[in-house]
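These are my notebook entries on one structure. I wrote them while going through the coordinates.

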There are 2 protein chains.
Amino acid sequence: MAKVSSGTVSRALRGLPNVSEKTRARVLAASQALNYIVSPSASSLASGRMSTVGVITPFISRWFFAEVLNGIEQELQSAGFDLVLYIDTDGKLFEKLPMRRRVDAVLLLTLPSDVPDVEDVINLGVPVGSLGVDIPGFSSVTIDDVASAEMAVNHLIGMGHRSIAMVTLDKESSISFQPPLDRGAGYRKALTNAGIELRPELEVNGRSTVEGGELAAAQLLSLPSRPTAIFVQSDEMAMGVLHTIRRAGLRCPEDISVIGFDDHQLARVFDLTTVAQPAFQQGALLARQILARVLHGDPATTTELPTQLIIRGTTAPPPTHQLR
Amino acid sequence: MAKVSSGTVSRALRGLPNVSEKTRARVLAASQALNYIVSPSASSLASGRMSTVGVITPFISRWFFAEVLNGIEQELQSAGFDLVLYIDTDGKLFEKLPMRRRVDAVLLLTLPSDVPDVEDVINLGVPVGSLGVDIPGFSSVTIDDVASAEMAVNHLIGMGHRSIAMVTLDKESSISFQPPLDRGAGYRKALTNAGIELRPELEVNGRSTVEGGELAAAQLLSLPSRPTAIFVQSDEMAMGVLHTIRRAGLRCPEDISVIGFDDHQLARVFDLTTVAQPAFQQGALLARQILARVLHGDPATTTELPTQLIIRGTTAPPPTHQLR
DNA sequence: CTGAAAGCGCTTACAG
DNA sequence: CTGAAAGCGCTTACAG
C-alpha cells in the first residue's frame, strides 16, 4: 500500500534513521489506515528481543509487593516493555523455568530457597534483578534492614523499654527472603548494644499475615513475664498485634508499645509508629536498573534506599509499675 | 542428538499422539540433556497460539484487584498460560492497544470509559472477559451489586436507621466501573422501598481510597443533620470512615453505624460489618471461562457469584435521641 | 509413525 | 535511502 518493501516498512515504523521523511510518512499513513500492528512473535524471533521482563513474586496482596509491582509496571510501561507476572507461592517455579527464552530479564521479588535454584536463575542467560538482597551479578535494590530494625528497637530502648519482643516475617516457608533475617539481626544488635539479654521466647513467627500477627501477640501476652514493647517486622502483622492487644483488654501504648515496619497505607489509621520504606520507588528503581542493562548493556548495579522512623501513637515509655 | 527430524521433536515434546514411545523417550532424554526449551516466539509465530492472556487492571494495591489477580494468575499458571499485566490508571491504555497480537485473550478488570474504546477491545480479535459488568460477547463474572447494596442498606433500615448516608467508590475518574453505579442504585432502591426520602447531600464520593473515606466521613459528620448510619462501597474506604468517626470523638456503632463492602482481610480487625464478595474466586472463575473459550472454543458465558452479609460490631440501632 | 518442506511475519546485513 | 534475500526456530499439512 505504501509501495515499499517490508524491510523499509520495518525501518520506518521503528523510527530508524535511514529512511527518508516522505517514505516514512507514507508508511505511517498506510499503517494507520490498515490498523497495522507488528507481530511481536515474528519480531522477537527475528531480532531476539522480547521487550518483556518477567517478574516473580511470592505474593501480590501484601502491601509491599503490590507497591513494588506497581513501581515496576509503571517503569516498564513507559519504556514500552511488557511485564509477565508469575506468582510463586512455594518457591518451586524455577523448576519449570517457564519464562526462559521469553523475557529479556527476570526480576525476583524474593529468592527461591535452594541455592541450586539461584544457579538456575543465573543460567537463564538474561539479566536478573533482585529485591531486598544483594547477590553478585544481580541488579538489586535494597534497604538497610539491619540498621532499620536497629533504629526501630533503639526507639523503644530510648523510651525506657527493656523487655522487647519481636514478631517476625515468615522464615519457615519454602521461600527464603533476606529481610526477615536482617531485621532479626538488627533487633538483636540493638538489644545487645544496650546490654539487654536476648530471650528466645520473645521472638515469635508472625507468618507475614494479619492473622499470624494476632496469634503471635497472643503468645507473647501469655508469657509469664510479658514484654512491654513489640517490634513487628511488618505493618500488616502489627495490625494483627494491635487487635490482639485490644481484645486482651490492654491499652497501646499505655500498657504495651508496638512498632511496625513498612508504613502501610493504613498505618496512619492505626496511628502506628513504624519504619517507612519506599516500596513503589524500590520497584521503579529496580525496573530502571534492569532496563538500563537490557537496553544499553549497563553493568549490574546495587542501590540502597533510605528508610525513616515515623513516630506515631503506638509507642510510649513502659508502664512505671512494670516487672513488679 | 535423538536422530529425528525437528518435526518429530516438536510432536514428541508436545505430547501429540502420533509418536512411538521409544522415539518420544529418546527425544525427551535428549531434550533434558541439552536443557532444551522451545522458543515461545517461534512457536507462537508458527502456530498462532500465544499461551498468554493479557490482564488490564486500574489498580493493584487495592484488596479487591489484588485478590482477583491472584485468582486469575493461579488458574492461568496451572493451565500453562502466562499473564501479561497492564496497570491502566487513566483508562487510556487501549489507545496503544499494546497487547494486540500478543495474547490469546484479554481480561478487563475495569472498563475503559469511552464506548469507542470498548469497540476497540472487541476489535482485538481475541476473546475478552470482563469483571463486574456483563457485556454482550464478553465472558464475564459478576456479583449482584444492586441486590448486595440493597441488602446492606436494608440491614441498617431493619435496625431502625432512617438517615443513612453513602460513601461511593470513585465515579469521576476517567475509568468507568459499573459496581459503584449499581451499588448506588441498590442503596436508593432500599431507601425508596422503605419510604425514606433520598437526600443528595448524603451521597459523597470516597474516591476509592482510605483517605477519600476519611474526607467523605468528615463531610458527612459536619452536616447540619448528621446521618446515623453510613453505607460505604468498599471496606478500605470504610476504614477511613471509622478513623474519622473515632477522631471526631464519636463512637461506632453507638453514635453512628458503618457498613462496608468486600470483606477485606482487615475487616475482621476493624470489627466491620460488611458485604462479603469472593474476589479470588471471581478472578479464578473468569480465567477458567476465558481459557475454555481459547482452548476449546466454548461460547462466552456469564456467571454471577453470591455475596453475603457479615454482621460484626460496627452496626447497631441508632441512638434513641436522634433527630431531636 | 516419521521426514521433507513450506510457511508463520518479521529483522538485518548486504548490495546498490 | 531502498530492495532482495536470508534467516530467526518453530509447527503443520502432506507424503510415504
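Which residue is the bridge partner of B:Gly129 in β6(B)? I looked it up, and the partner is B:Ser139.

**Conventions.** I am working from a predicted model, in which local features need pLDDT of at least 70, side-chain atom pairs count only at pLDDT 80 or more, and totals for chains, interfaces and linings use all residues. Residues are numbered from 1 along each chain as its sequence is written, while chains are lettered from A and ligands numbered from 1 in the order in which they are written.

**Entry 1: strand β6 of chain B.** I took helices (H or I, at least four residues) and strands (E, at least two) as DSSP runs, numbered from the N terminus. I call two strands paired if DSSP finds at least two bridges between them. Strand β5 (residues 128-131) of chain B runs parallel to β6(B), with three bridges. β6(B) also pairs with strand β13 (residues 302-305) of chain B, in the parallel sense and over four bridges. There I found B:Val141 bridged to B:Thr303 in β13(B). For burial I used counts of other C-beta atoms, placed from the backbone, within 10 Å of a residue's own: 20 or more is buried, 12 or fewer is exposed, and in between is partly exposed. Four of the five residues of β6(B) (residues 139-143) are buried, so the strand is largely enclosed by the rest of the structure.

**Entry 2: the six-stranded sheet of chain B.** I traced an open sheet with the order β9-β7-β10-β11-β12-β14 and mixed pairing. Its edges are β9 (203-205) and β14 (308-310), each with a single partner strand, so one side of each has no neighbour in the sheet. On average, neighbouring strands are turned by 20° against each other, direction ignored. My angles run from 0 to 180 degrees between N-to-C directions, with axes as lines fitted to C-alpha atoms, for helices over the stretch in contact. α9(B) packs on the sheet and touches β7 (164-168), β10 (229-232), β11 and β12 of chain B. The direction of α9(B) makes about 155° with that of β11(B). Contact here means C-beta atoms, placed from the backbone, within 7 Å.

I then checked the pairings. Strands β11 (residues 257-262) and β12 (residues 273-276) of chain B are parallel, with four bridges; B:Asp262 has B:Ala276 as its partner in β12(B). β7(B) pairs in parallel with β10(B) over four bridges, and B:Val167 is bridged to B:Val232. β7(B) also pairs in parallel with β9(B), over three bridges, where B:Met166 has B:Glu203 as its partner.

Are the side chains of β7(B) buried or exposed? B:Ile164, B:Met166 and B:Thr168 point one way, B:Ala165 and B:Val167 the other way, and all are buried.

**Entry 3: B:Gly186.** This glycine is in helix α7 (residues 178-193) of chain B. I count B:Gly186 as buried because 25 C-beta neighbours lie inside 10 Å. Its C-alpha atom is 7.2 Å from that of B:Asp145, 41 residues apart along the chain. Leaving aside neighbours within four places in sequence, the contacts of B:Gly186 include B:Asp145, B:Ala147 and B:Val153.

**Entry 4: chains A and B.** The contact takes 31 residues from each of chain A and chain B. On the side of chain B, α4(B) gives the most, with six residues. By class I get 17 nonpolar, eight polar and six charged residues on that side. Nonpolar means Ala, Val, Leu, Ile, Met, Phe, Trp, Tyr, Cys or Pro, charged means Asp, Glu, Lys or Arg, and the others, Gly among them, are polar. Strand β2 (residues 82-87) of chain A pairs with β2(B) in the antiparallel sense over three bridges, and A:Leu85 stands opposite B:Leu83.

**Entry 5: the DNA strands.** I call a residue near a strand if its C-beta atom, placed from the backbone, lies within 6 Å of it. DNA strand C is surrounded by 22 residues, the closest being A:Gly7, A:Ser10, A:Ala42, A:Ala46 and B:Gly7. α3(A) gives the most to this surface, with five residues. DNA strand D also has 22 residues around it, and A:Gly7, B:Gly7, B:Ser10, B:Ala42 and B:Ala46 come nearest.

Conventions: Two residues are in contact if their C-beta atoms, placed from the backbone, lie within 7 Å.
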